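Q: I have a structure open and would like to learn how to read it. Could you take me through the features one by one?

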Amino acid sequence: TYDIEISGFAFQPAQLAINVGDTVIWTNKDSASHTVTSDSGSELNSPSLSRNQMYSHTFNQAGTFEYYCKPHSYMEGKIIVG
């Protein structure tokens, strides 16, 4: 299991390399709401996360999964599953 913190209007770390079958947990530490949304496809599709809310996803296939926050599209991240 890996943790990504949403803090300061950024995903930290912004890029993460994991293995097939690993789970990533995003936790929003900002007072603003954020999402974890796939750039393409529907692999990642969190609801709007309020402060201290979490979203988790288990990656069951290899690939590169780029994502962003819907309300703040400049917030971007990438999960590399090998």
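Predicted model: local features only at pLDDT ≥ 70, side-chain atom pairs only at ≥ 80, totals over all residues.

Q: Which residues is F11 in contact with, leaving aside its neighbours within four places in sequence?
A: On that basis, F11 is in contact with I4, E5, I6, W26, T35, V36, Y67, Y68, C69, M75, E76 and G77. One of these, I6, is also the bridge partner of F11, which sits in β2.

Q: How do I read the pairing around that bridge?
A: Look at the direction of the two strands and count the bridges. β1 and strand β2 (residues 11-12) run antiparallel and are joined by two bridges. The two strands form a hairpin with four residues between them. In the turn, G8 has a positive phi of about 65°.

Q: Where does F9 lie, and what is its phi?
A: F9 is in the loop between β1 and β2. Its phi is near 55°, a positive value in a residue other than glycine. F9 is partly exposed, with a relative accessible area of 34%.

Q: In what sense do β1 and β4 pair?
A: Strand β1 (residues 2-6) and strand β4 (residues 23-28) pair in the parallel sense, over five bridges. To find the pairing on your screen, look for Y2, which stands opposite V24 in β4.

Q: What is the order of the strands in the sheet that holds β1 and β4?
A: The order is β2-β1-β4-β6, in an open sheet of four strands with mixed pairing. β2 and β6 (54-58) each have a single partner strand, so one side of each is left without a neighbour in the sheet.

Q: What should I know about side chains when I follow a strand?
A: As a general idea, side chains in a regular strand alternate between the two faces of the sheet.

Q: Which strands form the other open sheet, in the order that starts with β3?
A: That order is β3-β8-β7-β5, again four strands in an open sheet with mixed pairing. Its edge strands are β3 (15-18) and β5 (37-38), each of which pairs on one side only. β5 and strand β7 (residues 63-68) pair in the antiparallel sense over two bridges. Within that pair, T37 has Y68 in β7 as its bridge partner.

Q: How many residues are in the largest nonpolar core, and which have the most contacts inside it?
A: This core has 18 residues, and F11, W26, F59 and I79 have the most contacts inside it. The elements that give two or more residues to the core are β1, β3, β4, β7 and β8 (76-81).

Q: What lies 2.8 Å from a polar atom of the N28 side chain?
A: The backbone oxygen of L49 does. Leaving aside neighbours within four places in sequence, N28 is in contact with I6, S33, H34, L49, S50, R51, N52 and Q53.

Q: N52 is on that list; what is its phi?
A: Phi of N52 is near 70°, a positive value in a residue other than glycine. N52 is found in the loop between β5 and β6. With a relative accessible area of 46%, N52 is partly exposed.

Q: Which residues is N45 in contact with, beyond four places in sequence?
A: N45 is in contact with V36, Y55 and K70. Its place is in the loop between β5 and β6, and N45 is partly exposed, with a relative accessible area of 47%. As an exercise in comparing sequence with space, take N45 and S31: they are 14 residues apart in sequence and 20 Å apart in space, C-alpha to C-alpha.

Q: What about the peptide bond from Q12 to P13?
A: For a peptide bond, check omega. This one is cis, with omega near 0°. P13 is found in the loop between β2 and β3.

Methods: Residues numbered from 1 in each chain as written. Heavy atoms only, no water. Pairing = 2+ DSSP bridges. Core = buried A, V, L, I, M, F, W, Y, C linked by side-chain atoms within 4.5 Å. Buried < 20%, exposed > 50% of the residue type's maximum accessible area, 1.4 Å probe, protein only. Contact = heavy atoms within 4.5 Å. Polar contact = N/O pair within 3.5 Å; in protein donor to acceptor, adjacent residues only side chain to side chain.
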